[in-house]
Amino acid sequence: MKKISPGAVVLARAVLTGDDEDVPASEDVPAEDQVGMAALITGLFILAVQRQFPEVPSRGEIIRFVAELRAALPSGTTVDARATEGLITTVMDAKPREEIPQEVRAEVVLEVINYILDPDKIGTDELEAVLAKAVEFAEEHGLDAQLATERAHESRS
């Protein structure tokens, strides 16, 4: 089990709260923090999707959620609906979908996390609790998203 660095937790918290005042420029972030941040974002995405859908949703429920997410985005911001549906479905059933380009995947993951885990919606205490769970999850699973989604699916069964 690899420990997540404190710097990675600071970066993840900044993503969640939008408070990036003390966050260094990406080229100044140590490699250890970058790897830990990637693992945390994976964990946060899985936990956010499971929070949104405590039971396996129908395709229609996922489509409605994605429509709500897209409608809530700031003007001029878009997110790929098909990729969002695919990534959410992957968390729910642990079956890989068609290849989604990394930049699209990153955008989808961050928008879903920010929408579901918005501190104004869930509160700071709940946000910190989810972040703590994500640290545990990331330390256990690291960057292996497929393994993580399979185990997440198994734990829901």
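1. Starting with the surface: the chain has an accessible area of about 8,800 Å², and carbon and sulfur atoms own 51% of that. Keep in mind that this is a predicted model. Of the 157 residues, 43% count as buried.

2. On the fold, what you have is helices: eight of them, with zero strands. Read from the N terminus, the order of elements is α-α-α-α-α-α-α-α. As for contacts between residues at least 6 apart in sequence, 75% of them join residues at least 24 apart.

3. Now the pairing of H1 with H7. Helix H1 covers residues 6-17 and helix H7 covers residues 124-141; their axes come within 11 Å and cross at roughly 140°. That makes the two helices oblique to each other, because an angle has to be over 145 degrees to count as roughly antiparallel. The crossing of H1 and H7 is right-handed.

4. Who does the touching there? On the H1 side you'll find Val 9, Ala 12, Arg 13, Leu 16 and Thr 17, and on the H7 side Leu 127, Glu 128, Leu 131 and Val 135. Sorted by class, this H1 with H7 contact comes out as six nonpolar residues, one polar and two charged. If you want to look at individual side chains, Arg 13 of H1 and Glu 128 of H7 are both among the contact residues.

5. The other pairing to flag is helix H2 (residues 31-52) with helix H4 (residues 81-93). Here the axes are 10 Å apart and the packing angle is about 80°. H2 and H4 are therefore roughly perpendicular to each other, since the range for that label is 65 to 115 degrees.

6. Which residues make the H2 with H4 contact? H2 brings Phe 45, Ile 46, Val 49 and Gln 50, while H4 brings Leu 87, Ile 88, Val 91 and Met 92. By class, that is seven nonpolar, one polar and no charged residues.

7. Last, a look at Glu 99. This residue sits in the loop between H4 and helix H5, the latter running over 102-116. Is Glu 99 buried or exposed? Its relative accessibility is 70%, so Glu 99 counts as exposed, the cut-off for that being over 50%. Along the sequence, Glu 99 and Gly 86 are 13 residues apart; in space, their C-alpha atoms are 9.7 Å apart.

Terms used: Residues numbered from 1 in each chain as written. Heavy atoms only, no water. Axes fitted to C-alpha atoms, helices over the stretch in contact; angles between N-to-C directions. Helix = DSSP H or I, 4+ residues; strand = E, 2+ residues; numbered from the N terminus. Parallel < 35°, antiparallel > 145°, perpendicular 65-115°, else oblique. Left-handed = near helix turned anticlockwise from the far one by under 90°. Contact = heavy atoms within 4.5 Å. Nonpolar A, V, L, I, M, F, W, Y, C, P; charged D, E, K, R; others polar. Buried < 20%, exposed > 50% of the residue type's maximum accessible area, 1.4 Å probe, protein only. Areas by Shrake-Rupley, 256 points an atom, 1.4 Å probe, with all protein chains shown as cover.
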